[in-house]
Amino acid sequence: FIVQVPPTMSTKCFVGNLNFRTTPDALGHLFAECGEVVSVNIISRGQFSLGYGFVEMKEAAAAAASVSQMDKKELDGRAINVELARPRVERPAGAPRPPPRYPPFRRGPRFPRFPPQVQGQVPVVQGQQLPAEPQQQFAGPRGPRGPRFPRGPMRRPRGPRRVPDPNAPLSKTRVFASNLPFALNDEQLAGLFNEFHVKSAHVATRPNGFSRGFGFVELENEESQQAAIAALNGKAVNERAIIVRVA
């Protein structure tokens with residue numbers, strides 16, 4: 001059929017109800033069925049689409065055909081709305097703004113919850129007469145505020161952190177065990193080193209009582225220390241390979 005085109009018809013179409021994932025290429029490919037597409041612009045805020053855009057056709061007849069053929073057509077799971085874009089009216093400099101479409105909302109007068117009382121009048125509530133409130137006397141302006149005391153520290157400051165001495169001699173009876181299972185306690189750690197003459201075993205814990213994943217074991221002599229390192233270093237405990245070395 002032949003579309004009658006007025007001489008002032010726009011060549012730009014407004015497209016609404018777009019899928020937020022629709023790309024300009026997909027929209028332009030759809031409108032290319034009605035004629036040559038000049039430009040496609042999907043309005044977005046940042047990187048996110050706002051769900052509408054504009055398609056400019058080369059001829060006004062193609063724009064009119066796009067409105068009749070593409071309106072309510074499905075694109076990416078949505079029935080798009082197509083209509084001719086309204087021409088933009090340039091407002092001359094200094095011209096007043098057009099009136100708003102809807103009048104501004106204004107709150108009406110607020111009524112008091114209780115009727116006003118005359119000074120000295122006794123209020124009456126449900127037939128019961130209540131005593132009149134005593135009149136407050138003006139005490140005069142407030143004097144200058146006194147000095148404010150400085151606030152103390154909110155928490156105790158930390159002391160200097162202890163830095164280990166790299167030149168300190170290594171222990172000959174203590175071993176350091178890391179990568180321990182978090183469910184391991186002191187008794188279980190001592191049982192792990194039981195065959196090497198354990199004196200004491202300690203698992204480091206946090207303030208809430210949970211394990212830090214490492215600990216120290218004190219043995220009787222240097223021979224037991226070296227035997228424990230050779231036997232237990234890299235051993236799997238609860239599917240974790242523990243690390244044992246000299247403390």
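Reader: What makes up the chain in terms of helices and strands?

Author: The chain has 4 helices and 14 strands. The model is a predicted one. Of its 247 residues, 23% count as buried.

Reader: How many aromatic pairs does a search of the whole structure find?

Author: The search finds 5 aromatic pairs. In one of them, the ring centres of Phe176 and Phe214 are 5.7 Å apart and the planes stand at 40°.

Reader: Why is the pair of Phe176 and Phe214 called tilted?

Author: Rings pair if their centres lie within 6.5 Å, and planes under 30 degrees apart would be stacked, over 60 edge-to-face. The centres of Phe176 and Phe214 are 5.7 Å apart and the planes are at 40°, so the pair is tilted.

Reader: Which parts of the chain does that pair tie together?

Author: Phe176 belongs to strand β9 (residues 174-178) and Phe214 to strand β11 (residues 211-219), so the pair ties together parts that are 38 residues apart in sequence.

Reader: Phe176 and Phe214: what makes each one buried or partly exposed?

Author: Buried means under 20% relative accessible area, and partly exposed lies between that and 50%. Phe176 has 14%, so Phe176 is buried. Phe214 has 25%, so Phe214 counts as partly exposed.

Reader: Which residues form an aromatic cluster with Phe54, and what lies over the face of Phe54?

Author: The cluster consists of Phe14, Tyr52 and Phe54. Lys12 lies over the face of Phe54, 6.0 Å from the ring centre.

Reader: What is the strand order of the open sheet, and is the pairing parallel or antiparallel?

Author: The order of the 4 strands is β2-β3-β1-β6, with antiparallel pairing.

Reader: Why do β2 and β6 count as edges?

Author: β2 (37-45) and β6 (81-84) each have a single partner strand, so one side of each is left without a neighbour in the sheet. From one strand to the next, the twist averages 25°.

Reader: How do you know that β1 and β6 pair?

Author: Pairing requires at least two bridges between the strands. Strand β1 (residues 12-16) is joined to β6 by 4 bridges, and the two run antiparallel. Gly16 stands opposite Asn81 in β6.

Reader: Which helices lie across these strands?

Author: Helix α1 (residues 24-31) lies across β1, β2, β3 (48-57) and β6, at about 140° to β2. Helix α2 (residues 60-70) lies across β1, β3 and β6, at about 150° to β6.

Reader: Which residues of α2 are buried, and what covers them?

Author: The buried residues in α2 are Ala60, Ala62, Ala63, Ala64, Ala65, Ser66 and Met70. Their cover includes β1, α1, β3 and β6. Just after α2, Lys72 takes a positive phi of about 70°.

Reader: What makes Cys13 and Cys34 buried?

Author: The limit for buried is under 20% relative accessible area. Cys13 has 0%, so Cys13 is buried. Cys34 has 14%, so Cys34 is buried.

Reader: What share of contacts between residues at least 6 apart in sequence joins residues at least 24 apart?

Author: Among those contacts in the chain, 58% join residues at least 24 apart.

Notes:
Residues numbered from 1 in each chain as written. Predicted model: local features only at pLDDT ≥ 70, side-chain atom pairs only at ≥ 80, totals over all residues. Heavy atoms only, no water. Phe/Tyr/Trp six-rings, centres within 6.5 Å; stacked < 30°, edge-to-face > 60°. Buried < 20%, exposed > 50% of the residue type's maximum accessible area, 1.4 Å probe, protein only. Lys NZ or Arg CZ within 6 Å of the ring centre and 35° of its normal. Axes fitted to C-alpha atoms, helices over the stretch in contact; angles between N-to-C directions. Contact = heavy atoms within 4.5 Å.
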